[in-house]
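Dear colleague,

I am handing over the structure below, followed by an account of what was found in it. Please read the account with the model open beside you.

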Amino acid sequence: MASASSPSDSTTDTVAHPVPHPVTDSLTDVPGLRVGHATRTAPAHEGHLTGTTVVLAPAGGAVAAVDVRGGGPGTRETDALDPRNLVQRVEAVVLTGGSAYGLDSATGVMAWLEEQGRGVRVGPDPSHVVPVVPAACVFDLGRGGDFAARPDASTGRDAVEAAAGSEPFTPVEEGNVGAGTGAVVGKVKGGIGSASVRLDSGITVAALVVANAAGSGVDAGTGALYGRYFEGRQVVYPTSEVHERAARRLAEAAAAAGNGPPPLNTTLAVVATDAELTKAQAQKLAGTSHDGMARAVRPVHLLNDGDTVFALATGEQPLPGAGQNPLALNEILAAGADMVTAAIVRALLAAESVRTPGGDFPSYRDLYGEQAGGQADLAE
């Protein structure tokens, strides 16, 4: 059974690219994928520090799978992604703030897809579709000052419309945007990060991450980002003076927050490739990509995290040696984990400090200044 119908909206069609496109170090380096953010902050949205991010697949959808390892997940439609179940392809994946309340943003995405005739065909008329929209949320309630300020269906619609209206291969906006608007990693401001690589085979593997973890992304002993240890280049450590000053700043922010509840967080990722994968292979990619999360955040996969990785495969390129070499997937699995690590580093470098009635959230760059790395690193 076909899992999606052909849409009438040509703006979301996969664009032909007879020559390799430039690598922009974004999820959108996977041909056909587009990303849109809807960001809600004061003063336009008083009390908000939240948002929604949508990954829009090419027309006809992408093979999708998921692996959930956090102990406190908030998800929607993830059972549909089990390889044993009917649906093979999805048209979009939603990442959102607002904890379980924010999952309502997927309703707006679902409505938009229905209008485009995109979804699982369930009747004789082309309009008889049911869009399957997997979603996962991060906890950011109250960080803007108002516990009731959260994404809703209109936020999801804004995000998917932003994705559909973007040009092919538009780099993902990073930092305090979309689902990363109210993100915090340990005591440091988190956000959106993305990274990609083109393998020697010509296959692209990329990741988009919402870095929002109960654990820390910063080595308490050195001040270096944990993810830096796995990037294959020399780690530049902050001086002891800068590190001590950063520690004092974080302590002040924590003291100002008082004795609140334990952190309730979640790191979300979408790992994508243009390789042709089965749902079972995509699920394996989602699972091994969690290794990249564990390299960049410590501890990870806690009971108060909802850590979730979605995998998407657009199927534009055959898997090298498929059918003859059962290990052909390994290179993609390794790259998926690497891209998640890189995306978390980029999220922490792109994030900006925020102070609201709900808290004081310093960024890594503000804490460590020139020794943090910055725009030059993000351009690499």
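A residue is called buried here when its relative accessible area is under 20%, exposed when it is over 50%, and partly exposed in between (1.4 Å probe, protein chains only). The model is a predicted one, in which local features need pLDDT of at least 70 and side-chain atom pairs count only at pLDDT 80 or more, while totals for chains, interfaces and linings use all residues. Residues are numbered from 1 along each chain as its sequence is written, and side-chain values use heavy atoms, with hydrogens and water left out.

I begin with the charged pairs. A salt bridge is taken to be a side-chain nitrogen of Lys or Arg within 4 Å of a carboxyl oxygen of Asp or Glu, and by this rule the count comes to twelve. Helices (H or I, at least four residues) and strands (E, at least two) are DSSP runs, numbered from the N terminus. Arg346 is buried, with a relative accessible area of 8%, and its side chain meets that of Asp25 in a salt bridge of 3.2 Å, N to O. This pair links distant parts of the chain, since Asp25 belongs to the segment before strand 1 (34-41) and Arg346 to helix 5 (residues 330-350), 321 residues apart. Asp25 is buried as well.

Arg346 also forms a salt bridge with Glu174, the closest N and O atoms being 2.9 Å apart. Glu174 lies in the loop between helix 2 and strand 10 (184-185), so this pair ties helix 5 to a part of the chain that is 172 residues apart from it in sequence. At 19% relative accessibility, Glu174 counts as buried.

A further salt bridge joins Asp360 and Arg249, whose closest N and O atoms are 2.8 Å apart. Asp360 is in strand 17 (residues 359-361) and Arg249 in helix 3 (residues 240-257), 111 residues apart. Asp360 counts as buried at 15% relative accessibility, whereas Arg249, at 25%, is partly exposed. Through salt bridges that share partners, Asp25, Glu174 and Arg346 are joined into one network.

Next comes the nonpolar interior. A nonpolar core means a set of buried Ala, Val, Leu, Ile, Met, Phe, Trp, Tyr and Cys residues joined through side-chain atoms within 4.5 Å. The largest such core has 50 residues, and those with the most contacts inside it are Ile332, Val340, Ile344, Tyr364 and Tyr368. Among the elements that give two or more residues to this core are strand 3 (62-68), helix 4 (279-296) and helix 6 (364-368), but helix 5 gives the most, with twelve residues. Apart from this core lies another, of 31 residues, among them Leu27, Val87, Val210 and Leu312. With contact meaning heavy atoms within 4.5 Å, Tyr368 touches Val218, Gly223, Pro238, Val242, His243 and Ala246, not counting residues up to four places away in sequence.

There is also a sheet to look at, for which two strands are said to pair if DSSP finds at least two bridges between them. An open sheet of five strands has the order 1-2-6-9-4, with mixed pairing. Strand 1 and strand 4 stand at its edges, each with a single partner strand, so one side of each is left without a neighbour in the sheet. Strand 2 (49-56) and strand 6 (92-96) pair in the antiparallel sense over five bridges; here Thr52 stands opposite Thr96, and Val54 opposite Val94. Strand 6 and strand 9 (135-137) run parallel and are joined by three bridges, with Ala136 in strand 9 as the bridge partner of Leu95. In strand 6, Ala92, Val94 and Thr96 point one way and Val93 and Leu95 the other, and all are buried.

Finally, helix 1 (residues 105-115) has as its buried residues Ser105, Ala106, Gly108, Val109, Trp112 and Leu113. They cover an arc of only 155° around the axis (taken from the directions from the helix axis to the C-beta atoms), which puts them on the same side of helix 1. What covers them includes strand 2, strand 4 (75-76), strand 6, strand 9 and helix 2 (153-164). After helix 1 comes Gly117, whose phi is positive, near 70°.

With kind regards
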